[in-house]
Amino acid sequence: MADDVRGQDGSGSDTSVVHRKMDDMYRLQRHIYDLSRAYYLLGRDQLIAELDLQPGETVCEIGCGTGRNLVLMARRYPKARLMGLDASTEMLRSAQAKIDRAGLADRLPLVHGFAERFDPEASFGLSEPLDRIVFSYSLSMIPPWRESIEHAVTSLKPGGRVHIVDFGDQAGLPGWFRRMLFWWLDLFGVHVRPELIGYLRELKASGRAEVDIRPIFRGYAFRADLRRP
């Protein structure tokens, strides 16, 4: 089943440098990813619980990883139309296996592609733009994160929403903890981006999106909701 995961243009795997780098990183990590990340990817379940997806809404998780969030969303919102995108085919192998075990293969299509340039309508056979896009601790791993957010907003219907949970500025936490966390995350190609929140405020000020931002866990992480005008 995993070998059936399509490339973003429907033609198979991407051979870019980014693709190879992601696969090299997760070829082994994917087997322990969910167990190890449960302790520090905080706020994911709260995001899922607050999505309040309506029947028929189309939702894409960008950077879906092992499919953990997609399976939880599918169980909580059985009438929503869910799909996942990831830059690593190795992670998508784990995601497909998890989805198959959950008996959700017909409900959760997966596509290999890149956040800043994928075409959701072509990739998933949609007749119109998406209702929602979810970034769950993926923007801290995407080098063109600004372009990815802008592309996400323009991939939505008017009134559609982007939901983000990711590492915050750690302002409410001790300096030693912040330094240790940054060092640890850097080992896995994860980069805390305090400037991301500033960029979201710029989007709001420019009128390109309605934006609500709130820190969680004393700034360890943050949640943001963007609405396309």
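**Surface and loops**

Colleague: What is the relative accessible area of Met-180?

Modeller: This is a predicted model, in which local features need pLDDT of at least 70 and side-chain atom pairs count only at pLDDT 80 or more, while totals for chains, interfaces and linings use all residues. Residues are numbered from 1 along each chain as its sequence is written, and side-chain values use heavy atoms, leaving out hydrogens and water. Met-180 belongs to helix 8 (residues 175-186), where helices (H or I, at least four residues) and strands (E, at least two) are DSSP runs numbered from the N terminus. Met-180 is partly exposed, which means between buried (under 20%) and exposed (over 50%) with a 1.4 Å probe and protein chains only, and its relative accessible area is 46%.

Colleague: Where is Tyr-137, and what is its phi?

Modeller: Tyr-137 sits in the loop between strand 5 and helix 7 (145-154). Tyr-137 is also buried, with a relative accessible area of 5%. Most residues other than glycine have a negative phi. Tyr-137, although not a glycine, has a positive phi, near 55°.

Colleague: Is Gln-170 buried or exposed?

Modeller: Gln-170 lies in the loop between strand 6 (156-167) and helix 8, and its phi is positive, near 60°. With a relative accessible area of 0%, Gln-170 is buried.

Colleague: Which residues of helix 4 are buried?

Modeller: Helix 4 covers residues 68-76. Its buried residues are Asn-69, Leu-70, Val-71, Met-73 and Ala-74.
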